[in-house]
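Here is a short note for someone opening this structure for the first time. Please keep the model in view while reading the points below.

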Amino acid sequence: MSKTVATKKKTVITRKELAKQKVLIAWSAVFVIYGFIFCYLPLAGWLMAFENYKNKTGLFHSQWVGLEKFKFLFSDATFIKVIRNTFCMGTLNLVFTTLTAIVFAILLNEFRLLRAKKVVQTISYLPHFLSWIIVTGILNDALSSTGIINELLQKFGLVKDTVPFFSIPALFWPIVTFAHVWKETGWNAIIYLSAITSIDPCLYEAASIDGAGRWGKIKNVTLPGIKPTIIILLIMNMGNLLNAGFEVQYLLGNGLVKSVSDTIDIYVLTWGISQNDYSLGTAAGIFKSVVSIAIIVIANSIAKRTGEERLF
Amino acid sequence: MKNKTMKKVAAFSMSTVLMAATLAGCGQAAAPSGDAGTTTGSDTTAQTSDAGSETVASGDIVDMTFFAGMPGTEINSGNNEIQDMIAEKTGVRLKETWLTGQTVAEAIGSIIASGTYPDLIDGGDGCADLYNEGVLVPWDEYLESGKYPNLTNYYTPAEWDQFRQDDGHIYWCNVFQNTKGAPTGTAHNDEAFWIQARVLEWDNYPEIKTLDQYFDLLERYAAANPKTQDANGNEMDIIPYTCLCDDWRYFCIENAPQFLDGYPNDGSVIVDFDGKDPTIVDYNTTPTAKRYFAKLNEEYKKGIVDKDFGTQKYDDYIQKLSNGNVLGMCDQYWDFQQINDALLTAGLDVQGCNYVPLGLTIDPGMENRWHTYGDTLNTASGIAVTTSCADPDLAFSFLDKMLDQDIMNLRFWGVEGEDYLVDENGLFYRTPEIRAKVADPKYKADHMCMYSYLPQYGGTSDDGINANLPEEQPSEFYDKLAEPLKKCFDAYGAKNYPDLIGSVVEDVNATHPWFPMWSYSNNLDTSTPGGVAWTKMGECKHEWLPKLVMASDFESEWNNYMAAYEGCNPQDFLSQMQEELDRRVAANAGN
């Protein structure tokens, strides 16, 4: 009895203590089991990347080939291109969606008419709920040779001949970035808006007293106020850099722009599912995961070193 | 967030693990049903032969599923009149599902990954994958059992042997290009450069024999008639020539050089046997190929080729053709034949918007082989029964009965008195009203049931009078032609489409015993160097061919293309094809 009293702060795990916390334990066990089954158990499938996996022979009887699949992967010029595409589109998306969301959130915050603000906000995040197939459909129609964009360009005499937007490789990344920005700006702005509302109003008052105008308040109060949010979101989204997308590129891509449109996910689909080479698909997937983890760790440690907010 | 990426990989690997487990289950399930076929064979024979003469009570009708690795139109399964009639005769109602929005390879890959198979499947180019998974039921026992005579006699033993996989068993059978009785040969179900009948009429039916003449006519017509009207009277710009490059259908841009040189459709290569041993020739790099793409490039710059050709999807393409403002294109007939119903419904057929095929060559005075005379035995794909099918005996009996003449008539002609009439000589015919009725999408969904990917015959019916397929009935064929087409046929003195094409009349199987080479290349996978090269060549051509057509400087773009093409090691592919060709030639010499 005296023992427990002495170490009360540390809470020794006794049968009694377990019984007391049984509800908590049961609930956390659910999540541990969930995590184990859905996040860790499947990692056994990574074995596939090191063998010549065939469904018939299964995970345990397929021929072991070591690093051969990885060798093929990195000697395949297409894969190198695919990494480049994924990385570049991911970066473009991240930079532009973050920037536009912050700018948009600040602009919305400066709105004086509350009703108008609500209307604008609602309209702006509606595209988020459209699926990509619809967004790409709209883009396809708008940018086709008979679409509204070409018609406008011609009416205003900006171009003589219609512009074949989807046949020009140089335009593919901007189109994808634009699609992301259009779809996600309003939605992403919500989190920044809520960060802005949590800034202490006293700071704004103090700034006004010190003679700061609107611009001065944005620069000296709003932006520093939401900086932690921006950094945390940025770090988290860095992990998504290589998830540059699948649907958009898959749906908008065509033979002409293939060299700039294919992403790692599409590569995994073509080799893993279409060509039935699960091993190669898994190898590409492993590569993607490892790089993503590395990017997060690096971003996090940079944040740590510069004394900013961080994930872990 | 890292969890998310991990989870994706995890989910991918997880599903494969699960599937491996399911597959193991399937494999076990397959064995007993296979046994059942041999041990209790005699019992089932008695049952099935009894059932043959009577109708099946509706309670005993078994629902089966079928997936086709091809896009198609779904019928109102379960609410379709002819489907029910067939079900009463066979005891099976088959729910067909078609390929949508994916490539065949992706669809078959996902089916394999999910581990849930339909009862029957036509895997298209993915047939070999299904075989490698071991999920198909071998046909041998069923064919040898004698219980399914229609199926057993569907091919000769030698032909059946060609379907054998490397384990010596037969797993599928191709249902097309199998002629019974005399071939009626009205259709050109092959590739061609097509042109709207009204364009030929406008120029008083000129002789169009070469690529240059073809584009010259398109240019002149488009200059004189820049606008046309759609079904609703809206004015549209003429698109003189379009070209499909979407996914596997990019053959529309890709394989014309083999035909322009006068070779038949070996699909992936030319087989040159002029006075020597048959040799594989790559048609992608021939001078003809270069001239063909240079011509397309020239026409693109002139605005004759559709601006959106490189990016259009199949649906866009079909939509354009159905609008009637595309004057010409290069395609396989079966790839666009559905537009004929749309043209008919829209009344555009009487304006001459139907397409007629032209047998073009690169230079004048050459032979052409756009039309294939004789059946092409495609052993690469076909209908298969999967190990998920609970009652393979019933499935085979169903497939067998598909070849019964009365069921064939139901499938393709419909119900007598409703969908076709019979004249005093026993000849089937349709009135214009019936033709309009059977072209109506709603009627087709509720009433017609073609089961178009199940075993069937072309040629002539058992009655010796009628064609098995309405579109091959010579009288029906001619009567059905819209007025502008009739005028066109008359002007050229042609009775049918092959006459118009003017290909060399020869039984391709006799003159080209290895034909078609594509039945080998279609099933290549990336486990061999040739297969890897073939996949990469495909990707390379997908990207470069439209680029070539749109290039501002063709010569330099062609050189870039050739450099990229060489990078795919086409030699690996070609030598593998040569091996297969030698094997086929030797096998033929042995017979």
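1. Chain A and chain B share 6 residue pairs in polar contact, both residues at pLDDT 80 or more. A polar contact is a pair of N or O atoms within 3.5 Å; within protein, one must be able to donate a hydrogen and the other to accept it, and residues adjacent in sequence count only if both atoms are side-chain atoms. On the chain A side, the largest share, 9 residues, comes from α16(A).

2. This is a predicted model: local features need pLDDT of at least 70, side-chain atom pairs count only at pLDDT 80 or more, and totals for chains, interfaces and linings use all residues. Residues are numbered from 1 along each chain as written, chains are lettered from A and ligands numbered from 1 in written order, and side-chain values use heavy atoms, without hydrogens and water.

3. There are 2 salt bridges between chain A and chain B. A salt bridge puts a side-chain nitrogen of Lys or Arg within 4 Å of a carboxyl oxygen of Asp or Glu. Lys307(B) forms one with Asp161(A), their closest N and O atoms 3.8 Å apart.

4. Chain A gives 48 residues to the contact and chain B gives 42. Contact means heavy atoms within 4.5 Å.

5. Now the sheet in chain B. Strands (DSSP runs of E, at least two residues) pair if DSSP finds at least two bridges between them. β1 (62-68) and β2 (92-98) of chain B pair in the parallel sense over 7 bridges. Val62(B) stands opposite Val92(B) in β2(B).

Definitions and conventions
Helices (H or I, at least four residues) and strands (E, at least two) are DSSP runs, numbered from the N terminus.
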